[in-house]
Amino acid sequence: MKRVLIVSPRFAPSNAADSHRVRQSLPYYRGAGWEPVVLAVEPGEVLDPQDPLLLRTVPDDVEVVRVGTVPRAWTQRIGIGSLEARSLVSLARAGDRLLRDGSFDLVFFSTTAMGVTTLGPRWKRKFGVPFVLDFQDPWVSDYYDGDQSPEPPGGAFKYGLAQTVARRLEPHVLRHASHVLSVSPAYPEALAARYPWLSPDLFTVLPFGAPERDFEILRESRIPNPVFDPGDGLEHWAYVGRAGDDMAFALDALFAALADARQSEPERYDRVRLHFVGTSYAEGDRAEKTVEPIAVRHGVGDLVEERPHRIPYFEALQVLLDADALTLPGSDDPGYTASKLYPYVLARRPLLAVFHEASTVVDTVRRTKAGVVVPFGTDAPVQDVSAQLYDAWFSKPLVSPATDWDAFEPYTARAMTQRQVDVFDGAAR
């Protein structure tokens, strides 16, 4: 049995998106020959919403080592509040102790707090343990570089400073990595273009797995739906996940088609309510609505409700189960892939996805027959995509998808974990 130290700062009960690959893989590691130990930050130090029920998905016999951080109130005085900045020293010390005292064959960094991956070269040099990276989001990105680009998160100055640091650290970490997992094929392409010395063999594209076990736990539990009453006689469509400027195109097309449908069939569409939940990662009053203003512009604001604050993970799954239909707007970034697609499929509800034609979501939905997908190109006119949406979705009655579950099996958490472990076997010393 080989041993892997998994660095996942935002681990359960945190509902951070970047914690779910590890959490969903833990039940299957031992069966594939790997003993996992998780290194994480104390839940109270993580700002993401907490869901205690997530701990039920973690096997009781998995060791989870928690560390504290520098108090956020201290680091904010100098304009730094990121989790990696606050936790780096604590993670380094705990990792040193674990790697010194335990016989580990591999370190696996699975996080979007990419600054902590700088510990990989340090531990490799100090203890001779190789490491694997998990790129769930780009570390260095040019998405906000253009004159017409939206305002970057945190503001232009702080984002620019973070990107300057990332451009110095990313090549150093990559030079020492034994392998790189990526949720999207666009990330290896961007890295190879930026660093020609990288070998294509270094990369494996591996999306998150479908959390079938989570739905089993959900059906055994009494979880409230905090968003809508499924028995109120209305037709509820739901989306749970972040929104933002990069999704404006898909939302424009969606609401334009909804407006046309309402005009054609007012008796039906006056009863429809679209719910957008957890659209902002910002806290408190800083969480702004980005969906409702687009709906208002198209004259369907009364049919759309946006709740920008995130809700606990299992409440979010319950919203999907209770919905009459699910909508999944995608980013205008061709490399964007939505790991949330798999819970949407497992909810077994009529599903509409609006994604860039280069996104892996388009192929997955088509391959598994899990719903209706309307792709759009980079320069596509909104009215053209809106017309396609109307024809493919709004002009038809809701029909539960005839999902091909055999075709879906390779996307399950068990299958994805086996592919992950294949990478571990090749990277381990």
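# Exercises on a predicted model

Leaving out residues up to four places away in sequence, Thr57 touches Arg23, Pro27, Arg213, Asp214, Ile217 and Phe314, where contact means heavy atoms within 4.5 Å. The model is a predicted one: local features need pLDDT of at least 70, side-chain atom pairs count only at pLDDT 80 or more, and totals for chains, interfaces and linings use all residues. Residues are numbered from 1 along each chain as its sequence is written, and side-chain values use heavy atoms, with hydrogens and water left out.

## Exercise 1

Find where Thr57 lies, and decide whether Thr57 counts as buried or exposed.

Solution. Step one is the place: Thr57 lies in the loop between strand S2 (34–41) and strand S3 (63–67). Helices (H or I, at least four residues) and strands (E, at least two) are DSSP runs, numbered from the N terminus. Step two is the cut-off: buried means under 20% relative accessible area, exposed over 50%, and partly exposed in between, with a 1.4 Å probe and protein chains only. Step three is the value: Thr57 has 2% relative accessibility, so Thr57 counts as buried.

## Exercise 2

Work out how many residues of helix H1 (residues 20–29) are buried, and list them.

Solution. Of the 10 residues of H1, 9 are buried, so this helix is largely enclosed by the rest of the structure. They are His20, Arg21, Val22, Arg23, Gln24, Ser25, Leu26, Tyr28 and Tyr29. Arg23 from this list is also one of the residues that Thr57 touches.

## Exercise 3

Describe the largest nonpolar core, then the contacts of Phe255.

Solution. Begin with the term: a nonpolar core is a set of buried Ala, Val, Leu, Ile, Met, Phe, Trp, Tyr and Cys residues joined through side-chain atoms within 4.5 Å. The largest such core has 98 residues, and those with the most contacts inside it are Leu26, Phe255, Leu274, Phe276, Phe314, Leu389 and Phe394. Helix H8 (residues 248–264) gives the most to this core, with 10 residues. Another core lies apart from it, with 40 residues, among them Leu5, Leu98, Leu119 and Phe131. Next, Phe255: neighbours within four places in sequence aside, Phe255 is in contact with Leu274, Phe276, Val291, Ile294, Ala295, His298, Val300 and Val304. In soluble globular proteins, nonpolar side chains tend to be buried together.

## Exercise 4

## Exercise 5

Which phi values do Arg348 and Lys369 have, and where do these residues lie?

Solution. Take Arg348: its phi is near 60°, a positive value in a residue other than glycine. Arg348 lies in the loop between helix H12 (341–346) and strand S12 (351–356), and is partly exposed at 46% relative accessible area. Lys369 is not a glycine either, yet has a positive phi of about 55°. Lys369 lies in the loop between helix H13 (360–368) and strand S13 (372–376), and counts as exposed at 53% relative accessibility.
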